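Student: Could you show me how to read aromatic pairs in a protein model? I am new to this.

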Amino acid sequence: MEKGGHGGKSAAVPAPHLQPPQPRKERRPSMFEKEAYAQILRERLRESFHDVQYVEPPFDDSIADLGKEWKSALAKLKFANSYRMEPLKKFQAHSVETKVQQILKFTSLKDVKYDDKVFSHLSLELADRILSAVKEFGYHRYKFIIKVLFIQKTGQAINVASRWIWDVAWDSWVAAKHETETYVALALVFALYCE
């Protein structure tokens, strides 16, 4: 008989800890399987913020028919990058300038005295009005940056400068000014073409 001690072997061997089997995750379908092609496209389009206009036809004609079913069910057409390097309608600074000048002239700026608390909210409101008016012109693929400044007249001089990296052929800017006895309202509209 062996004694259990320092040099002896123990009779009981602990069993390895068994974990309960975890459920298997479903395998993601391959794009080469017939039924999976349309499903993969549906999932990608649902989560996508990009516009898709054209999808390459799949390898099999039967899969192409499946693609037509879900494509017609979409509420909004999705457009792919067209690699258009120039706008369909170029930004026309003179027409935008007259519109912005009208907005500054005919808003309730005539009888208002300079107050920084009032003008902080008024500048946001004017920027929103100007942005919606500029978007009505229908310049597609242009992004607009609107800056509205209210400058109190206290006998000082002021220089406003902006620096941008842009394409001289398509990008442009517009400045419009409205002046009263106590302040100057300056609106700047930057139009940047996104290829």
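This is a predicted model: local features need pLDDT of at least 70, side-chain atom pairs count only at pLDDT 80 or more; totals for chains, interfaces and linings use all residues.

**Reading aromatic pairs**

Tutor: Happy to! Residues are numbered from 1 along each chain as its sequence is written, and side-chain values use heavy atoms, with hydrogens and water left out.

Student: How is a pair of aromatic rings described?

Tutor: By the distance of the centres and the angle of the planes. Rings of Phe, Tyr and Trp (its six-membered ring) pair if their centres lie within 6.5 Å; planes under 30 degrees apart count as stacked, over 60 as edge-to-face and the rest as tilted.

Student: How many aromatic pairs does the structure hold?

Tutor: Twelve. In one of them, phenylalanine 91 and phenylalanine 144 have ring centres 6.2 Å apart and planes at 45 degrees, so the pair is tilted. Phenylalanine 144 counts as buried because its relative accessibility is 16%.

Student: What kind of pair do phenylalanine 150 and tyrosine 183 form?

Tutor: An edge-to-face one, with 5.9 Å centre to centre and 65 degrees between the planes. Phenylalanine 150 and tyrosine 183 are both buried.

Student: Which residues do ring pairs link into a cluster?

Tutor: Phe91, Phe137, Tyr139, Tyr142, Phe144 and Tyr193.

Technical notes. Buried means under 20% relative accessible area, exposed over 50%, partly exposed in between (1.4 Å probe, protein chains only).
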